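Have the model open while you read.

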Amino acid sequence: DNTRARTDRGSTRAMTTTSASLSCSVCIATTRRGWRGASSSGRTPSAHETVPAAVHAPRIRAPPLRRTPRAPGAVAEPPGPTSPMADASSSNWRENPFARYCDDAMAIPEVVEGLRVLEQTHPEIDGNVVLFAVWRATRGGDARPMSHAALRKATKISERWRWRVTDGLARVEASLRGPDLAESPPAAHLAAAVAALGDEVDDVARAALFELARGEAWWSDGDDAGDALAYESGKATVRGPTAVAAANLRMYLLEYLGARFIANEWQRVRGVLDGCLAAGGVDAHADIIGIEDARGGTASSGGTASGMSDEAWRAVRGCVDPTMNKPRRDRPGEASRRYIDARRNLRDADRLWKATCEDYRRARRTVKHARHEVHKSRKAVRVEFR
């Protein structure tokens with residue numbers, strides 16, 4: 001009897017363990033199916049198979065907040081009103097001196113047309129960097145030519161927005177305005193929206209450039225910046241903001257990009273520079289010394305309506321591209337002195353040449369005599385020991 005009771009208890013325990021194992025298997029299989037209301041076979045789970053969602057639902061915890069350590073007693077300063085990172089929901093970052101300068105410059109037709117033509121003929125040119133280079137020169141008395149490091153920082157910002165964002169939007173707009181969608185009003189509406197988005201990208205890039213110019217790191221990169229604010233170009237001397245603007249354009253267009261312009265493109269550069277200097281409140285003709293009338297705008301002088309005459313523009317163009325300057329002619333007295341010095345140098349060179357020729361002939365005679373002595377000695381040795 002004791003043996004039978006012990007067997008019955010063992011059977012009951014085994015059945016209980018088997019039932020628990022089957023229940024766990026059902027729960028695991030049901031959990032793997034996700035409990036989305038029905039199984040993969042389309043069968044609705046019964047009441048005893050249903051597992052509450054709170055039992056198997058994973059717990060999602062919010063990431064901990066990382067706080068920047070602050071020095072004791074320090075007071076947090078609010079972001080500046082012109083910072084593009086100050087408030088993403090406001091438009092304060094649009095209001096900055098560089099953005100207003102760009103709006104004033106782009107209101108001049110010569111600037112708009114000049115930048116458009118230059119960007120089409122030279123796709124590597126970025127209009128925002130051109131505006132930035134001239135704006136830097138019109139800031140006031142503390143303006144100086146940009147250093148190579150500062151220019152590289154500015155071009156890095158502009159190239160990031162242009163290559164990754166603006167060029168892609170331009171391709172999208174060109175595709176939406178294709179001939180196959182010419183009769184599609186939705187496509188035209190979407191193309192206009194993409195164009196407006198491209199203008200927004202320009203505003204963001206200009207705000208980033210202004211942040212660069214306002215930061216303290218900008219002023220620390222003055223190791224290779226030029227200190228001279230006056231450049232001689234032919235008969236004239238260009239100084240002040242006009243000389244700084246020419247130096248910045250030379251560094252960006254010719255040195256950094258390696259661009260070379262023809263006559264028509266130089267006229268576009270002239271219109272852009274005239275308009276940008278006028279937008280910055282700079283009187284270009286006052287910065288050019290050595291020209292009787294540097295102000296253009298008349299039909300007789302052939303200058304544009306924005307400022308410089310042809311002679312003044314040639315002086316400024318010589319600052320942008322020194323290879324455009326013609327060789328300077330010497331005065332009669334200077335030419336005579338140069339001729340006399342050249343004749344004196346020629347007589348000294350002739351005297352040195354004659355002395356050198358005599359030394360050469362003497363050396364040849366010495367070598368010839370030495371070779372003759374060696375030949376006679378070797379002949380005597382061969383005859384004696386034959």
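This is a predicted model: local features need pLDDT of at least 70, side-chain atom pairs count only at pLDDT 80 or more; totals for chains, interfaces and linings use all residues.

Let's start with Thr242, which sits in helix 9, the stretch covering residues 240-256. Its relative accessibility is 0%, so Thr242 counts as buried. Who does it touch? Setting aside neighbours within four places in sequence, Thr242 makes contact with Leu277, Val282, Ala284, Asp287 and Val316.

Now over to Ala133, which belongs to helix 5 (residues 127-137). Ala133 is buried too, because its relative accessible area is 0%, and the cut-off for buried is under 20%. Once residues up to four places away in sequence are left out, Ala133 touches Met146, Asn248 and Leu249. There's also a distance to look at here: Ala133 and Ala247 are 114 residues apart along the chain, and their C-alpha atoms are separated by 9.1 Å.

**The cysteines**

How many disulfides does a search of the whole structure find? The count is 0. Take Cys102: the closest cysteine sulfur belongs to Cys276 and lies 8.4 Å from the sulfur of Cys102, so the pair is too far apart for a bond. The cut-off for a disulfide is sulfur atoms within 2.5 Å.

| Residue | Relative accessible area |
|---|---|
| Thr242 | 0% |
| Ala133 | 0% |

Terms used:
Residues are numbered from 1 along each chain as its sequence is written. Side-chain values use heavy atoms; hydrogens and water are left out. Helices (H or I, at least four residues) and strands (E, at least two) are DSSP runs, numbered from the N terminus. Buried means under 20% relative accessible area, exposed over 50%, partly exposed in between (1.4 Å probe, protein chains only). Contact means heavy atoms within 4.5 Å.
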